[in-house]
Amino acid sequence: EDIPVLTIACCGDSLTEAGYPRELQRTLCAHCGHEVSWRVLNLGASGATVREKPLGYVKSRPFQRALESAADVVAVLLGTNDAHQALWDEDDFIAQLSSLVRQIQESGDRHKRSPTIFLGVPPPLYHTDHVLSSRL
């Protein structure tokens with residue numbers, strides 16, 4: 001019998017690129033039995049930002065791959081690089097993140113499937129003498 005394959009596209013910056021997708025794949029394989037098979041795509045891009053500058057994720061090849069993947073689930077973990085005090089603009093961050101989510105939704109429409117989208121929260125900053133803003 002055919003086992004359905006569900007795809008998770010993990011989008012983000014270096015926290016994604018060097019981090020959790022491999023462990024997520026292992027965990028899903030170990031705990032999900034034989035009813036479904038999971039394919040986890042690591043689509044992280046080091047230095048990526050939600051905002052267009054300096055390294056807007058929406059213009060990256062990993063994001064284009066995410067849109068083309070017809071994923072069942074899209075996990076987005078971005079914001080750490082946007083939190084740099086010289087770059088932080090809350091209104092623009094919200095607008096750009098909303099646009100990114102819309103693009104994911106529209107790609108699902110093109111593939112005749114609506115992915116479940118999870119937005120991750122970057123790890124908190126516990127000290128105040130850093131060049132990153134703790135407001136994110």
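A search of the whole structure, which is a predicted model, finds one cavity of 30 Å³ or more. Start the tour there.

**Stop 1: the cavity.** Select F63, A66, L67, A70, A71, V74, I104, S107, G108, H111 and P115; these residues line the largest cavity. The volume of this cavity is about 60 Å³. Rolling a probe the size of a water molecule over the atoms shows where empty space is left.

Now colour the lining by class. Eight of the lining residues are nonpolar and three are polar, while none is charged.

**Stop 2**

**Stop 3: an aromatic pair.** The count of aromatic pairs in the model comes to two. For one of them, select W88 and F93, whose ring centres are 5.2 Å apart. The planes of the two rings stand at 45 degrees, between the limits of 30 and 60 degrees, so the pair is tilted. A pair of aromatic rings is described by the distance of the centres and the angle of the planes. Are W88 and F93 buried or exposed? Both residues are buried.

**Stop 4: confidence.** Colour the chain by pLDDT. The mean over the protein chain is 87, and 90% of the residues reach 70 or more. Next select helix α2 (residues 20-31), which has the lowest mean pLDDT among the elements of the chain, at 90. Then go to strand β3 (residues 73-77), where the mean is the highest, at 97. Where pLDDT is low, the predicted coordinates should not be read in detail.

Methods:
Residues are numbered from 1 along each chain as its sequence is written. This is a predicted model: local features need pLDDT of at least 70, side-chain atom pairs count only at pLDDT 80 or more; totals for chains, interfaces and linings use all residues. Side-chain values use heavy atoms; hydrogens and water are left out. pLDDT is the predictor's confidence in each residue, from 0 to 100. Helices (H or I, at least four residues) and strands (E, at least two) are DSSP runs, numbered from the N terminus. On a 1 Å grid over the protein atoms alone, a cavity is a set of points where a 1.4 Å probe fits but cannot get out, and a pocket is an open set with protein on both sides within 12 Å along at least five of seven lines; lining residues have an atom within 4 Å of a point. Grid points are joined across faces, edges and corners, and a volume is the space filled by probe spheres set on the points. Ala, Val, Leu, Ile, Met, Phe, Trp, Tyr, Cys and Pro count as nonpolar, Asp, Glu, Lys and Arg as charged, and the others, Gly among them, as polar. Rings of Phe, Tyr and Trp (its six-membered ring) pair if their centres lie within 6.5 Å; planes under 30 degrees apart count as stacked, over 60 as edge-to-face and the rest as tilted. Buried means under 20% relative accessible area, exposed over 50%, partly exposed in between (1.4 Å probe, protein chains only).
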